[in-house]
Amino acid sequence: MKLCLFGGTFDPPHVGHLVIAETIQESERFDRIVFVPASNPPHKEEGISPIENRLEMLRLALVDNDHFDVSDIEIERGGVSYSVETIEEAKGQFGIGAENLYFLIGSDALLDFHRWKQYEAILDQCRVIVAQRPGFRPSRIDPNILSRIRFANIPQIEVSSSQIRRRIKNGSTIRYLVPGPVMNYIREQGLYSK
C-alpha cells in the first residue's frame with residue numbers, strides 16, 4: 001500500500017486542499033490520501049473551530065472520492081498534535097514502512113519546518129512532499145531540508161482557509177471556494193460569522 005498523510009487544521013477545508021490532494025493522488029498513484037485534522041496544532045496562534053466541526057466539514061468535502069479518507073488519529077491521541085507522533089502512529093496503524101508512507105505539506109508550512117518537533121525524524125520516517133503555494137521561494141529553506149523533500153507540480157490556486165473565514169465575517173460569498181455541502185454546513189452552524 002502506498003499512502004499519503006495530509007495534515008492541517010482544515011478550518012474550513014476548501015477547493016485548494018481538494019485540488020492539491022487529487023493532483024498528488026493522480027501523479028503519485030497513491031492507494032489512499034488520508035486527511036488528518038489537527039486536534040490542537042502547535043503552530044496556530046489564532047483560535048480555531050472545534051474539532052467536531054472541522055471533522056464534519058472534511059467528511060462532507062471528501063464524500064465522493066474513493067481515494068480520500070479522514071483519520072481522527074490526532075483527535076484520539078489528544079493533546080498537542082505533533083506530526084512526528086502522527087507519522088509514527090500511522091506506520092503502525094496501517095502496517096506501512098517509510099518507503100511507502102508520504103507526508104504532504106504546503107510550502108507555507110515548509111517555511112517553519114525546521115522548528116517542528118523532531119523534524120529530522122519526520123524526514124527519516126516518511127517521504128515529504130511539498131505543495132508549492134503562490135509566491136513561495138525555495139531559496140528561503142535550509143539546503144539540508146531541501147535535499148530531503150520533493151516538490152509536487154500542482155495547479156496554483158490562490159485560496160486559503162483564513163481568506164474564506166474573512167469573507168464570511170465580511171458577509172461575502174464563499175461559493176466555489178468550498179464544496180457545496182461544506183458551505184451549507186458552515187451556514188447552518190453559523191461558523192466564522194462572529
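1. Let's start with Arg29, which is exposed because its relative accessible area is 68%. (Buried means under 20% relative accessible area, exposed over 50%, and partly exposed in between, using a 1.4 Å probe and protein chains only.) Arg29 is found in the loop between H1 and E2. Its phi is near 55 degrees, a positive value in a residue other than glycine. Helices (H or I, at least four residues) and strands (E, at least two) are DSSP runs, numbered from the N terminus.

2. A word on what you are looking at: this is a predicted model, in which local features need pLDDT of at least 70 and side-chain atom pairs count only at pLDDT 80 or more, while totals for chains, interfaces and linings use all residues. Residues are numbered from 1 along each chain as its sequence is written, and side-chain values use heavy atoms, with hydrogens and water left out.

3. Now find the loop between E1 and H1, where Phe10 has its place. Phe10 is not a glycine, yet its phi is positive, at about 50 degrees. Is Phe10 buried or exposed? With a relative accessible area of 2%, Phe10 is buried. Pro12 is in the loop between E1 and H1 too, and a cis peptide bond with omega of about 5 degrees joins Asp11 to Pro12.

4. Phe6 lies in strand E1 (residues 3–8) and is buried, with a relative accessible area of 6%. Leaving aside neighbours within four places in sequence, Phe6 is in contact (heavy atoms within 4.5 Å) with several residues, including His17, Ile20, Val34 and Leu104. Phe6 and His17 are 11 residues apart in sequence, and their C-alpha atoms are 9.2 Å apart in space.

5. Have a look at the rings next. The structure holds 9 aromatic pairs. Rings of Phe, Tyr and Trp (its six-membered ring) pair if their centres lie within 6.5 Å; planes under 30 degrees apart count as stacked, over 60 as edge-to-face and the rest as tilted. Phe30 and Tyr102 form an edge-to-face pair, with 4.9 Å from centre to centre and 65 degrees between the planes. This pair links distant parts of the chain, 72 residues apart: Phe30 is in the loop between helix H1 (15–28) and strand E2 (32–37), and Tyr102 is in strand E4 (residues 101–106). Both Phe30 and Tyr102 are buried. Elsewhere, Phe6, Phe10, Phe35 and Phe68 form one aromatic cluster.

6. Which ring does the charged end of Lys2 sit over? The ring is that of Phe30, with the charged end of Lys2 5.3 Å from its centre. (A charge sits over a ring if NZ of Lys or CZ of Arg is within 6 Å of the ring centre and within 35 degrees of the ring normal.) Likewise, the charged end of Lys117 sits over the ring of Tyr82, 4.6 Å from its centre.

7. Finally, two helices. The axes of helix H2 (residues 51–62) and helix H9 (residues 180–189) come within 8 Å and cross at roughly 150 degrees. (Axes are lines fitted to C-alpha atoms, for helices over the stretch in contact, and angles run from 0 to 180 degrees between N-to-C directions.) H2 and H9 are therefore roughly antiparallel to each other; angles under 35 degrees count as roughly parallel, over 145 as roughly antiparallel, 65 to 115 as roughly perpendicular and the rest as oblique. Asn53 is found in helix H2 and is buried, with a relative accessible area of 11%.
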